[in-house]
Amino acid sequence: MRSQGLSIKTIVAIGIGSAVFVILGRFASIPSGIPNTSVETAYAFLALMSVIFGPIAGGLIGFIGHALKDAIFYGTPWWSWVVVSAFVGFGIGLFTRKIKVDEGVFGTKQIVLFNIVQAVIQAVGWFLIAPILDIVIYAEPANKVFTQGIFAGISNIVTVGIIGTILIATYAKTQGKSDSLAKE
């Protein structure tokens, strides 16, 4: 049996999604009082793309988009956070497969499931993985990186919970319900 790989549609989505992630990360982020940490709207878009295109696309959009954003605007990627962006995109895509937005379904049950999943994945990523990688890779002080990670995690959970939910609900409304036309 031969593997089909990624579809052209998914590859294009990864390219466009990565570019949009960079643009949102640069022009639609809100500075916070915490050094090198902002409220990022890019994660709401990442969540949308992960739900629509799945875990591989979500992970690659998070990885490529974050790495490019850091390289372009700061001179070098901050790899610990790039890895977490990939983890968040992959995790949301993987654990939201039961949400069939392409069938026009995104009601209360799906919204609750989506937000539980995104909150848990982001908490693990930003509260644990990012700070630990910051300490291991960059020898950053623990109190600094855990403060940054907790702020980033909470702000991303809220941003995705509000903006991401609105984006996904709006997208789902543009799709046809799977049972709208039944073949007899």
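**Entry 1: H1 and H3**

I looked up the crossing of H1 and H3, and it is right-handed. A crossing is right-handed if the near helix is turned clockwise from the far one by less than a right angle, and left-handed if anticlockwise. This is a predicted model: local features need pLDDT of at least 70, side-chain atom pairs count only at pLDDT 80 or more, and totals for chains, interfaces and linings use all residues. Residues are numbered from 1 along each chain as its sequence is written, and side-chain values use heavy atoms, with hydrogens and water left out.

Helices here are DSSP runs (H or I, at least four residues), numbered from the N terminus. Two packed helices are described by the angle between their axes and the distance between the axes. The axes of H1 and H3 come within 8 Å and cross at roughly 40°. I note that axes are lines fitted to C-alpha atoms over the stretch in contact, with angles from 0 to 180 degrees between N-to-C directions. That angle makes H1 oblique to H3. The classes are: under 35 degrees roughly parallel, over 145 roughly antiparallel, 65 to 115 roughly perpendicular, and the rest oblique.

Next I listed who meets whom, taking contact as heavy atoms within 4.5 Å. From H1 the list includes Thr10, Ile14, Phe21 and Arg26. From H3 it includes Leu60, Ile64, Lys69 and Phe73. The contact of H1 with H3 divides into 11 nonpolar, 6 polar and 2 charged residues. Ala, Val, Leu, Ile, Met, Phe, Trp, Tyr, Cys and Pro count as nonpolar, Asp, Glu, Lys and Arg as charged, and the others, Gly among them, as polar.

**Entry 2: H2 and H3**

How do H2 and H3 lie to each other? I find them roughly antiparallel. Their axes come within 7 Å and cross at roughly 150°. H2 passes H3 in a right-handed crossing. On the H2 side I noted Tyr43, Leu46, Met49, Ser50 and Phe53. On the H3 side I noted Pro55, Ala57, Gly58, Ile61, Gly62 and His66. By class, the contact of H2 with H3 has 7 nonpolar, 4 polar and no charged residues.

**Entry 3: H4 and H5**

I moved on to H4 (residues 79–95) and H5 (residues 108–138). Their axes come within 9 Å and cross at roughly 160°. H4 and H5 are therefore roughly antiparallel. H4 passes H5 in a right-handed crossing. I get 18 nonpolar, 6 polar and 1 charged residues for the contact of H4 with H5.

**Entry 4: the core**

Which residues have the most contacts inside the largest nonpolar core? They are Phe106, Phe114 and Trp126, in a core of 30 residues. A nonpolar core is a set of buried Ala, Val, Leu, Ile, Met, Phe, Trp, Tyr and Cys residues joined through side-chain atoms within 4.5 Å. H1 (8–27), H2 (42–53), H3 (55–74), H4, H5 and H6 each give two or more residues to this core. H2 gives the most, with 8 residues.

I checked Phe114 and left out residues up to four places away in sequence. Phe114 touches, among others, Ala47, Val51, Ile92, Phe106, Val160 and Ile168.

**Entry 5: single residues**

Ala44 lies in helix H2. Ala44 is buried, with a relative accessible area of 0%. The cut-offs are under 20% for buried, over 50% for exposed and partly exposed in between (1.4 Å probe, protein chains only). Not counting residues up to four places away in sequence, Ala44 touches Thr159, Val160, Ile163, Gly164 and Leu167. Ala44 and Ala169 are 125 residues apart in sequence and 12 Å apart in space, C-alpha to C-alpha.

Asn156 is in helix H6 (residues 142–173). Is Asn156 buried or exposed? Asn156 is buried, at a relative accessible area of 2%. Beyond its neighbours within four places in sequence, Asn156 is in contact with Glu40, Tyr43, Gln118, Gln122 and Trp126.

Tyr171 is also found in H6. At 23% relative accessibility, Tyr171 counts as partly exposed. Leaving aside its neighbours within four places in sequence, I found Tyr171 in contact with Leu48, Ile52, Val101 and Asp102. Tyr171 and Phe106 are 65 residues apart in sequence and 9.2 Å apart in space, C-alpha to C-alpha.

Last, I looked at Ala139, in the loop between H5 and H6. Ala139 counts as exposed, at 65% relative accessibility. Its phi is near 55°, a positive value in a residue other than glycine.
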